[in-house]
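Thanks for coming, everyone. I'll keep this brief. Here is the model on screen.

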Amino acid sequence: MTSGASILSSPAFRTIDLRGQSLGLAQLRAVVPRLTAGDGASVEDAVRGIIEDVRARGFAALSYLAAKFDGVQQRHPRVPAEAIASALDGLDPAVRAALTESIDRARAFAAAQVPADVTVHPGAGASVTQRWVPVGRVGLYVPGGLAVYPSSVVMNVVPAQAAGVASIALASPPQKDNGGLPHPTILAAAALLGIDEVYAIGGAQAIVTFAYGIPGAHDVAGELPALAPVDVVTGPGNIFVATAKRLVKGVVGIDAEAGPTEIAILADATARPELVAADLISQAEHDPRAGSVLVTDSPELAGKVHEQLAVLATRTKHRDRVIEALSGEQSGAVLVDSLEAGIAVCDAYAAEHLEIMTADAPAVAARIRNAGAIFVGDYSPVSLGDYCAGSNHVLPTSGTAAFSSGLNVTTFLRAIQIIDYSESGLSEVAPYIRSLSDAEDLPAHGDAVDARFARD
């Protein structure tokens, strides 16, 4: 907790008043609550150092980093199969039932997302097909830190399995209190999903290891089995994880550079202030840097929500973390003139999670263009999506929902185009190919087609 937060007894939830103003998209993006750029350069330097070290020293570097950051001694990061099985055996039955329900719902939604192959026939003897093919191997990261996230195991693994990925590896930080292994609930969730390749690796080094792999090696104690590189890396994490994903993008595919979690709530005078406050707090609980934003055309509602925050935030378990997040520059209430203006603010903010608490909420939700996930009405809180809605909670943050999607089956698929033309099919378009190749001053392209029709 920072010193600033330690003196607060209730959230200093700020208000941004946009009433009476007509702002364009760029102006709205500039005024909505956001974290300002911090120590990005120093983080990038640190991550580049980790990349160089892991690539140069392999398992020795991972051992050093595990000792430095996690306080554990580690020779090889692979979690033994018996530890995974033991974690499942020791899982609380209520948690097991909840994870099973979450898995079942997520699988139903993921199965429905699998796209069909398509074929068109542009002419006689001509076909063009798009075939969806899974990547061969993926690395899924599940963070540790301030909380334990077995739900993120579900969210990462289920769409990869639905896509048909044959090789799935999971990494999560080693824990000193768990004998240097990831949290047992993480291991149990992996077991429920049939994942047996699990590594005790945290932070940027997990992303680097997945991207480049580590060849097998020997030390004084014997063999260190290789860790094969992957094709795609997914999963949320802190700024070091996000930076590592950005730096290895192009070596591997990534889902997104996820930042701190965020919630925006679009509400009018019909909203229940106690529910709005509870939901803002639910995301602030994640991280002192989490964003909680209310967008409303009702000053009365904003005032009542502020009152509820002052009461509820002091009662919650992680009150210091919550108060710091709600008091930060990334959080606050945005007052607008109308629902129409509120929709514009929400599209400019492009929230990871957007709740709609208005009259006729489904109709309002249908008008939103930019959001990672939209939660409609009083009985669809973000917490539902975090665990048991069937949707995926690995979502774009920091405004990236304006151009990117949440984790889904297509994250793990590639679209391959298959072109199959007969002689007559090619003959029909040969003159057009010649004309275009000459126009682009690439005559050999046209020659390659003409050669198929040359007769001795």
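Start with Gln205. Its relative accessibility is 6%, so Gln205 counts as buried. Buried here means under 20% relative accessible area, exposed means over 50%, and partly exposed is in between, with a 1.4 Å probe and protein chains only. Gln205 sits in helix 9, residues 203-212. Helices are DSSP runs of H or I with at least four residues, strands are runs of E with at least two, and both are numbered from the N terminus. What does Gln205 touch, leaving aside its neighbours within four places in sequence? The contacts are Ile50, Val54, Leu62, Leu65 and Phe69. Contact means heavy atoms within 4.5 Å.

A word on the source. This is a predicted model, where local features need pLDDT of at least 70 and side-chain atom pairs count only at pLDDT 80 or more, while totals for chains, interfaces and linings use all residues. Residues are numbered from 1 along each chain as its sequence is written, and side-chain values use heavy atoms, with hydrogens and water left out.

Now the annotation. An unreviewed UniProt entry places the feature "binding site" at Tyr141, Gln205 and Asn238. They span 98 residues in sequence, yet no two of their C-alpha atoms are more than 12.3 Å apart, so they gather at one spot. UniProt positions follow the numbering used here, feature names are shortened, and annotations may be inferred rather than shown by experiment.

Take Tyr141. It is in strand 4, residues 137-141. Tyr141 is buried, at 3% relative accessibility. A polar atom of the Tyr141 side chain lies 2.8 Å from the backbone nitrogen of Gly203.

Next, Leu224. It lies in strand 8, residues 222-224. Its relative accessible area is 6%, so Leu224 is buried. Beyond residues up to four places away in sequence, Leu224 touches Phe59, Arg75, His76, Gly216, Ala217 and Asp219. Leu224 and Gly123 are 101 residues apart in sequence, and their C-alpha atoms are 57 Å apart in space.

Cysteines, quickly. Cys346 is buried at 3% relative accessibility. Cys388 is partly exposed, with a relative accessible area of 25%. How many disulfides does a search of the whole structure find? The count is 0, with a disulfide defined as a pair of cysteine sulfur atoms within 2.5 Å.

That's my tour. Over to you.

How values were computed:
Polar contact = N/O pair within 3.5 Å; in protein donor to acceptor, adjacent residues only side chain to side chain.
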